[in-house]
Amino acid sequence: MNYEKVLCRRVAEVPPSGIRKFFDIVSEMQDVISLSVGEPDFNTPWSYTDAAIYSLRRGHTHYTSNWGLIELRRAINRYMLRRFDVEYDPANEILVTVGASEGIDLALRAVVEPGDEVLVPDPSYVSYMPNIRFAGGVCVTVPTAAENGFRITPEALRAAITPRTKALILPYPNNPTGGVMGRGDLEKLADALRGTDIVVISDEIYAELTYEGRHVSFASIPGMWERTVTLNGFSKAFAMTGWRMGFACGPREIMAVMCKIHQYTMLCASTPGQYAALEALTAGEQNDYADVRRMVESYDRRRRLIVSGLRAAGLSCHEPMGAFYAFPATPGGMDSQAFCEKLLWEEKIAVVPGDAFGALGNGFFRCSYAASVENIKKAIARISDLLSRAGSAGGQ
């Protein structure tokens, strides 16, 4: 069997995740402090889990609508209106997905034809480029920089647009940088998009993890609702990563195509997971999202701890205003892979090389502060030790 002829070339040529290399090494090492995992260290609140268990006891073990439970879609609409000032018809403008990750795949396959260009900020989440390739599109990066908080500027956006541009992925708050874009920033991007048919895929999975002010959804900017697919979910703010519960909202014309792909691949999201998600939103409505606020307040304390610690150790680190990642520069502009390997082998600290998130991420590394305060303090001390030894060696 000649597998080079059998396998789809555009899929086979996509490199493996740059994060996975470090995960595989860490899994075989003892006593490693990991700041590499992008998931909450909180367990799912019990009431959400109990709702799933109760749904099973009541016999809710069957398929739901392809779109998801109507009660959940109505709750999602209320949530989006209350938290982000955008409104959708639960009947045909909200789709419950298998995590926000499925939403990315569905949105791209719904709009991208072979050869279409999709704009993605560099650096950003590792799965965007592969999903664009899987859909037959071409990934075009839009540069961002630490001195601008890793925001997309309208100048950079305009420079990247060509007649073949079909979509823009707008992932803020951003993984890995922690960058956010305020209303003024988004309004400038909206001005650059007016008069085009460019679809915006706004990945807002970290929306609740915004530490100053309130997250602004791109669909809430005047004139942008009709071109925007908003992706969100329950993994990050609701501590439900393993449940794989997400949702996509947007114009019914786009959502109908996304649902068509969804029904032929996934059919529907997990039924007990949908009941857990419904409880998360119902409880949130009743207690002003107390569970979410408690977790965000904890992340905010850890955010300030890790940033101050990295800076005290001598590293340059822009202040992350969203998500739960710090993205410091490597010392002396050292290659990201080399520094992260050195940190792992010499100090048993696992972080992620910045170039896993794009070429412009080289010279940076990602630290997740969804870790205990104790481990963050230990990690900072070990990073300081490594830098102190390197400084002493340089001085000799």
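The legends below describe several views of one predicted model.

Residues are numbered from 1 along each chain as its sequence is written. In this predicted model, local features need pLDDT of at least 70, side-chain atom pairs count only at pLDDT 80 or more, and totals for chains, interfaces and linings use all residues, while side-chain values use heavy atoms, with hydrogens and water left out.

View 1. Helices (H or I, at least four residues) and strands (E, at least two) are DSSP runs, numbered from the N terminus. The C-alpha trace spans about 70 × 55 × 50 Å along its principal axes. Of the 396 residues, 56% are buried; buried means under 20% relative accessible area, exposed over 50%, and partly exposed in between, with a 1.4 Å probe and protein chains only. Among contacts with a separation of 6 or more, 76% are between residues 24 or more positions apart, where contact means heavy atoms within 4.5 Å.

**View 2. The second largest pocket, which holds about 430 Å³ of space.** On a 1 Å grid over the protein atoms alone, a pocket is an open set of points with protein on both sides within 12 Å along at least five of seven lines, whereas a cavity is a set where a 1.4 Å probe fits but cannot get out; lining residues have an atom within 4 Å of a point. Grid points are joined across faces, edges and corners, and a volume is the space filled by probe spheres set on the points. The lining of this pocket has 23 residues, and Val126, Ser127, Met129, Pro130 and Ala356 lie nearest the centre. Helix H7 (128-134) gives the most to the lining, with four residues. Strand E3 (117-122) and strand E4 (138-143) each supply at least two. By type, the lining has 15 nonpolar, six polar and two charged residues. Ala, Val, Leu, Ile, Met, Phe, Trp, Tyr, Cys and Pro count as nonpolar, Asp, Glu, Lys and Arg as charged, and the others, Gly among them, as polar.

**View 3. The largest cavity, with about 30 Å³ of space.** Its lining includes Tyr48, Phe238, Asp291 and Val292. Helix H11 (271-287) and helix H12 (290-312) are the elements that give two or more residues to this lining, and H11 gives the most, with four. Seven of the lining residues are nonpolar, two polar and one charged.

**View 4. An open sheet of three strands in the order E9-E12-E11, with antiparallel pairing.** Strand E9 (325-326) and strand E11 (352-353) stand at the edges with a single partner strand each, so one side of each has no neighbour in the sheet. E9 pairs with strand E12 (residues 365-368) over two bridges; two strands pair if DSSP finds at least two bridges between them. Cysteine 367 in E12 is the bridge partner of alanine 326.

**View 5. Asparagine 77 in helix H5 (residues 70-84).** Asparagine 77 is buried, because its relative accessible area is 10%. Not counting residues up to four places away in sequence, asparagine 77 touches Val86, Glu87, Tyr88, Pro90 and Ile94.
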